[in-house]
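Visitor: Hi! I'd like to look at a protein with you. Could you bring it up on the screen?

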Amino acid sequence: MNMEEGVMLYNHAPVEELMFVANKLRQLHNPGNTVGWIIDRNVNITNICFSLCTFCNFCRKKGSSDAYITSIDEYISKVDELFSLGGDQLLLQGGMNPELGLNFYIDLFKNLKRLYPSLKLHALGPPEIVYLAKKERLSYSRVLSDLIEAGLDSLPGAGAEILSDRVRRIVSPAKATTEEWLGVMREAHKLNLPTSATMMFGHVETVGERIEHLIRLRDLQAEKHENQFGFITFIPWAFQDEGTVLLKTHGVKSDYNGPDYLRTIAISRILLNNIKNIQASILTVGREIGMMSLHAGANDLGSIMIEENVVSAAGAKNRFNADEMQSIIKEAGFVPGRRNQKYELLNQLPTL
């Protein structure tokens with residue numbers, strides 16, 4: 001499917017028909033009745049960031065009274081709680097702090113793995129890799145290789161927003177360009193580092209730019225070798241506008257609504273014919289639309305989010321514990337399957 005066909009489907013196909021087709025395709029990619037979920041914790045390494053994206057309320061400038069870098073003692077407390085709740089993965093993200101170079105992240109990853117050998121690190125994202133590569137005058141491949149050696153297990157699809165430089169100049173002008181984001185992921189795939197892809201939509205992008213985003217992901221995925229992980233999953237999430245510069249300064253409100261999210265999930269499943277998993281962003285869309293997404297092509301609801309700071313700071317309040325996540329999946333007519341970041345099913349937890 002090309003861009004013109006994608007735009008036509010998005011604009012004119014009845015959402016019920018898109019959901020029907022996407023659900024059939026979901027069964028081809030993921031036969032059966034299992035819906036995935038995971039227990040992990042999103043810890044922000046620092047909230048100091050020079051990027052100052054217009055959709056982000058979380059980042060702070062150096063010298064701000066509430067600026068911080070997470071200490072090792074704080075990590076220990078957070079990881080201990082994560083393990084007590086049955087999880088073993090940290091989603092480590094945070095601002096592009098000008099004072100933190102590659103060695104900081106190498107030391108952090110090594111320390112965390114020394115303290116918790118079974119801990120999985122799903123950490124950073126293409127914008128941080130681009131930043132570190134420029135700062136250290138190294139290739140993306142070298143930065144990624146050094147981080148993998150230090151303990152990086154997988155690379156989140158953070159910072160994708162919309163893969164259109166027109167949009168990025170408005171929402172994240174200091175962050176990686178479209179080609180830089182894709183370039184990092186290309187190198188990650190060559191190194192067989194598992195990755196995910198995301199899309200933040202519902203702000204200044206056009207339908208055509210949404211479709212272009214999906215096609216760029218599909219084309220990059222087509223480059224990987226058969227035995228490489230590539231993009232394991234795709235996660236579209238709705239822009240949260242509460243208190244953001246995009247809303248306050250530019251008057252850009254989130255145009256998210258339930259039917260449009262379901263349309264986006266379905267179109268994603270139809271277009272991304274080489275990415276196995278589609279995750280619904282229950283954090284941003286809530287219980288009901290999350291459940292309906294499972295009938296529109298999605299086969300996963302993501303994490304219980306023991307901790308999440310960035311999207312929550314812009315108004316996302318939909319958080320669920322392990323019992324609630326499993327209940328939502330069952331209510332939607334599916335079987336909960338707890339998984340790891342590689343989307344491999346794990347033994348089910350007893351009810352917490």
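Visitor: How much of the chain counts as buried?
Guide: Of its 352 residues, 58% count as buried. Keep in mind that this is a predicted model.

Visitor: Okay, and what about the surface, how much of that belongs to carbon and sulfur atoms?
Guide: The accessible surface is about 14,400 Å², and carbon and sulfur atoms make up 52% of that.

Visitor: Back to the inside. How many residues does the largest nonpolar core have?
Guide: That core has 92 residues, and L90, L92, F109 and L147 have the most contacts inside it. Helix α11, covering residues 258–271, gives the most to this core, with seven residues.

Visitor: Let's pick L90. Which residues does L90 touch?
Guide: Leaving aside residues up to four places away in sequence, the contacts of L90 include R41, V43, Y75, V79 and L82, as well as L112 and L119.

Visitor: Where does R41 stand relative to L90?
Guide: R41 stands opposite L90, which is in β3. Strand β3 spans residues 89–93, runs parallel to β2 and is joined to β2 by five bridges.

Visitor: What's the strand order in that open sheet?
Guide: The order is β2-β3-β4-β5, four strands with parallel pairing. At the edges stand β2 (40–44) and β5 (152–154); each has a single partner strand, so one side of each is left without a neighbour in the sheet. On average, neighbouring strands of this sheet are turned by 40° against each other, ignoring direction.

Visitor: Which helix lies across β2 and β3?
Guide: That's α3, residues 72–84, running at about 165° to β2.

Visitor: New topic: how many aromatic pairs are there?
Guide: The count comes to four aromatic pairs. In one of them, the ring centres of F83 and Y116 are 5.5 Å apart and the planes are at 55°, so this pair is tilted. F83 is in helix α3 and Y116 in the loop between α4 and β4, 33 residues apart, so to speak linking distant parts of the chain.

Visitor: Are those two buried or exposed?
Guide: F83 is partly exposed, with a relative accessible area of 32%. Y116 counts as buried because its relative accessibility is 11%, and the cut-off for buried is under 20%.

Visitor: And why is the pair of F201 and Y261 called stacked?
Guide: Their planes are at 20°, with the centres 5.9 Å apart, so the pair is stacked. F201 is in strand β6 and Y261 in helix α11, 60 residues apart. Both F201 and Y261 are buried.

Technical notes
Residues are numbered from 1 along each chain as its sequence is written. This is a predicted model: local features need pLDDT of at least 70, side-chain atom pairs count only at pLDDT 80 or more; totals for chains, interfaces and linings use all residues. Side-chain values use heavy atoms; hydrogens and water are left out. Buried means under 20% relative accessible area, exposed over 50%, partly exposed in between (1.4 Å probe, protein chains only). Accessible areas come from the Shrake-Rupley method with a 1.4 Å probe; for residues, only the protein chains shown count as cover. A nonpolar core is a set of buried Ala, Val, Leu, Ile, Met, Phe, Trp, Tyr and Cys residues joined through side-chain atoms within 4.5 Å. Helices (H or I, at least four residues) and strands (E, at least two) are DSSP runs, numbered from the N terminus. Contact means heavy atoms within 4.5 Å. Two strands pair if DSSP finds at least two bridges between them. Axes are lines fitted to C-alpha atoms, for helices over the stretch in contact, and angles run from 0 to 180 degrees between N-to-C directions. Rings of Phe, Tyr and Trp (its six-membered ring) pair if their centres lie within 6.5 Å; planes under 30 degrees apart count as stacked, over 60 as edge-to-face and the rest as tilted.
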